[in-house]
Amino acid sequence: MHGPGHDPEHEHEHSTLSPLELRVRALETVLTQKGYVDPAALDALIDTYQTKIGPRNGAQVVARAWCDPAYRRWLLEDATAAIASLGFSGRQGEHMVAVENMPEQHNLVVCTLCSCYPWPILGLPPTWYKSAPYRARVVKDPRGVLEEFGVRLPETVRIRVWDSTAEVRYLVVPQRPTGSEHLSERELADLVTRDSMIGTGLPLQPRSSSAGASP
Amino acid sequence: MSYRSNADLGGQDGHGAVHPEPEGELFHAAWEPRVLALTLAMGATGLWNIDTSRAARETLADYGELSYYQIWLAGLEKLLLQTGAVQADEIVQGRVMQPALPTRSVLRADQVAAVLARGSPTARSPSSPARYSTGQWVRTSAVAPQHHTRLPAYARGKRGIIERIHGAHVFADAHAQGLGEQPHWLYTVAFDEKELWGANTGRRQSTVSVDAWEPYLEPG
């Protein structure tokens, strides 16, 4: 096995620092002392992706598209501009394409080559998205992978898998849940899960609906 | 020495089940966000580009045994050594022994929001008209290049249809090799499942696309 740190279980707060933790600290020290990085900028980067940029951004985009037909058209035609109009742009979302789920087609996004993912609207990718099983299998057995997420689609629904192999990033616009007609845009955004915008999930059902809830 | 990407996983069997995680579960150890931030901050120095860094990661010999942020850490160390920005004994000892290389810039905390919001767009003005139009059949290159590339092995030598045209973009293959941006037209090319995986695909009912630069394609 390669190097230290294979056992993150041992990194609980009372243990001494793991070899991997020490290795990263040493590297950060060298890079800081050489003047390549500013530790305050590192903190700001981490804070940004932990507290400011995440899938609630994308949920706002989807909820707006559900409520506003003109915005939906714009999003499908020029997603980069339509998303930027809500204040979300930049790193790993410079060139956006929105793909809409329909009764006969379900969209699913992957990066088989690494971990490309639309950061400005979904934040950092989840571990499973970056992992070998998802990347290897979703292009070949999308239905099998969806079942591992608890999503079973009728055989009549075609599955469209988008492998993000260049710098274009994809947002799945899920179908608006039935029974959500009375909800406000903000309430609708609460139904939009991260996974529903990758295509591995479906939006939540409105609470008052008697339809079966999805996880 | 032949170039081998250990990250080109699409279509491989034997990787087991996917393990979903709840929203907000981003890191699994305290060092992981530091590696993320160090990688992003070092990217801002201009000592390498994003395609160089993808090439550095995908050619790690032990790629398949490492966790995601271990890959990023090993890739970062590799780039630092390759560029001479840091010496091996400095990494081991955690102290500076050689002077720093000059860099384009150092990312400051008060610049982070603006730099992230700006990103690094890869669209460029095309120097020639697009060779292909939507709805046209094409065949992808069957050759495995001896350098970083973004045409996955599973989509090599396959017949597909141009579905979208994205304009001209920085060509990752050239950019990763330090050969400049060499922008080319970029297309979404869609393949039927039978073309990719053979005839025995009754259950899947699926179409897969990749984004492919023009040099990857021939009329098909």
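1. A residue is termed buried if 20 or more other C-beta atoms lie within 10 Å of its own, exposed if 12 or fewer do, and partly exposed in between, with C-beta atoms placed from the backbone. By this criterion, the buried residues of helix H3 of chain A are A:Pro55, A:Asn57, A:Gly58, A:Ala59, A:Gln60, A:Val61, A:Val62, A:Ala63, A:Arg64, A:Ala65 and A:Trp66.

2. The model is predicted: local features need pLDDT of at least 70 and side-chain atom pairs count only at pLDDT 80 or more, while totals for chains, interfaces and linings use all residues. Residues are numbered from 1 along each chain as its sequence is written, and chains are lettered from A and ligands numbered from 1 in the order in which they are written.

3. Helices (H or I, at least four residues) and strands (E, at least two) are DSSP runs, numbered from the N terminus. H3(A) covers residues 55–67; its 13 residues reach 19 Å from first C-alpha to last, close to the 18 Å expected at 1.5 Å a residue, the expected span being 1.5 Å times one less than the number of residues. Because 11 of the 13 residues of H3(A) are buried, the helix is largely enclosed by the rest of the structure. Its buried residues pack against helices H4 (69–77), H5 (79–84), H6 (119–122), H10 (185–189) and H11 (194–198) and strand E4 (168–173) of chain A.

4. A:Leu108 belongs to strand E2 (residues 105–110) of chain A. A:Leu108 is buried, with 25 other C-beta atoms within 10 Å. Beyond its neighbours within four places in sequence, A:Leu108 is in contact with residues including A:Val138, A:Ile159, A:Val161 and A:Thr200; contact requires C-beta atoms, placed from the backbone, within 7 Å.

5. Between the chains, 75 residues of chain B are in contact with 70 residues of chain A. The largest share of chain B's side, 10 residues, comes from H1(B). That side divides into 40 nonpolar, 19 polar and 16 charged residues, where Ala, Val, Leu, Ile, Met, Phe, Trp, Tyr, Cys and Pro count as nonpolar, Asp, Glu, Lys and Arg as charged, and the others, Gly among them, as polar.

6. Strand pairing also links the chains: 5 bridges join strand E3 (residues 158–163) of chain A to E5(B), and the two run parallel. Pairing requires at least two DSSP bridges between strands. A:Val161 stands opposite B:Val208 in E5(B).

7. Chain B is divided into domain 1 (31–118) and domain 2 (123–219), with bounds from an automatic or database domain assignment. Their C-alpha centres lie 29 Å apart, and 5 residues of domain 1 are in contact with 4 residues of domain 2.

Terms used:
Contact = placed C-beta atoms within 7 Å.
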